[in-house]
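Opening the notebook on a new model today.

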Amino acid sequence: MTPEQIDAFLTVHRDLHREGPGEPADVHWALEKLGLSGPLDVLDAACGPGADLLTLAEALPEAHITGVEKTAHFATEASARIAAYAPRVQAVEGDMSTPEGTYDLIWCAGALYFLGVTEGLQGWRSVLNPGGAVVFSEPVLLGTPPSDGARAFWEEYPQITDLDGIIERVTAAGYAVQDHRMIVVKPWADYYGPLQARIDMLREQDPDAALTEALDEHQREIDMWHAAQDQIAYALLIVKPV
Ligand SMILES: C[S@@+](CC[C@H](N)C(=O)[O-])C[C@H]1O[C@@H](n2cnc3c(N)ncnc32)[C@H](O)[C@@H]1O
């Protein structure tokens, strides 16, 4: 992206609660399924502006929790969001593919596809403590066959598969799936609602060419989601090395 495009992207996304669909109930579901509590070490890989970091901080009051995020702007927003929990909880700018430390839980919402599911899980194996788990959300195709609307929505992610395909990629990394659930409709509406409001507000402020292009791209994404919203999903998976 050019500097103008990065500026435009951040103008659209500044101060949004999160950078993809998900909700506190996802975090609570995973912690309960794993039976996690106490003085754990937790990594939020690609924490974005820190929504899940905050939920983890509140749900695991004795844990040391680190969010790592490549985009400096989001790392700064996340740090501000969890400031009341510092230094037990922190957000740092960095690359999730090479995390420092070792962890009982690696949480990764809507970002493992940047590394590749198999490649990312393989890379994290050496930083998981014995008994440790990874919980990640990943685009998933629903329906047989998936609808044209869902295919169109995911056109920039040709590696997308159905749930069985995700499980194959997890297995190829030497992990086993412990449980899963779908993230569909409401968490997406909760994500796109504030984004739509931001687009509408910026349209009224005489946007320049770069911002207009960014607004058009985001609007297209939202419109495609509206057209096939019950078939556009993330799968949230709990996985452990075997
Ligand atoms: C769809 S957003 C999800 C963010 C956050 N987990 C959430 O749910 O709000 C994906 C995030 O991954 C970050 N990212 C991409 N590659 C990364 C990497 N190698 N290391 C750290 N963060 C990365 C992006 O900057 C972006 O904030």
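**Helix packing**

I started with helix 1 (residues 3–13) and helix 9 (residues 209–227), whose axes come within 8 Å and cross at roughly 55°. This is a predicted model, so noted before going on. I read the pair as oblique, because an angle between 35 and 65 degrees is neither roughly parallel nor roughly perpendicular. For handedness, I have helix 1 passing helix 9 in a right-handed crossing.

Next I looked up helix 2 (residues 24–34) against helix 3 (residues 51–59). Their axes lie 9 Å apart, and the packing angle is about 45°. That angle is therefore why I put helix 2 and helix 3 down as oblique to each other too. I also logged the crossing of helix 2 and helix 3 as right-handed.

**Ligand site**

Which residues come nearest to the ligand? I get Glu19, Ala46, Glu69, Thr71 and Met96, out of 18 residues around it. Sorting that shell by class, I wrote down eight nonpolar, five polar and five charged residues.

Thr71, already on my list of nearest residues, has a polar side-chain atom 2.7 Å from an oxygen atom of the ligand. With Asp95, I find a polar side-chain atom 2.9 Å from a nitrogen atom of the ligand.

How much of the ligand does the protein bury? Taken alone, the ligand exposes 600 Å², and I note that the protein buries 91% of that.

Most peptide bonds are trans, and most residues other than glycine have a negative phi, so I went looking for exceptions.

I found a cis peptide bond joining Ala86 and Pro87, with omega about 0°. I placed Pro87 in the loop between helix 4 (72–81) and strand 3 (89–93).

The bond from Thr144 to Pro145 is cis as well, and I have its omega near -5°. Pro145 sits in the loop between strand 5 (128–141) and helix 6 (148–153).

Which residue other than glycine shows a positive phi? I marked Val185, with phi near 60°. Val185 is in the loop between strand 6 (175–184) and helix 8 (186–203).

Conventions: Residues numbered from 1 in each chain as written. Predicted model: local features only at pLDDT ≥ 70, side-chain atom pairs only at ≥ 80, totals over all residues. Heavy atoms only, no water. Near = heavy atom within 4 Å. Polar contact = N/O pair within 3.5 Å; in protein donor to acceptor, adjacent residues only side chain to side chain. Areas by Shrake-Rupley, 256 points an atom, 1.4 Å probe, with all protein chains shown as cover. Nonpolar A, V, L, I, M, F, W, Y, C, P; charged D, E, K, R; others polar. Axes fitted to C-alpha atoms, helices over the stretch in contact; angles between N-to-C directions. Helix = DSSP H or I, 4+ residues; strand = E, 2+ residues; numbered from the N terminus. Parallel < 35°, antiparallel > 145°, perpendicular 65-115°, else oblique. Left-handed = near helix turned anticlockwise from the far one by under 90°.
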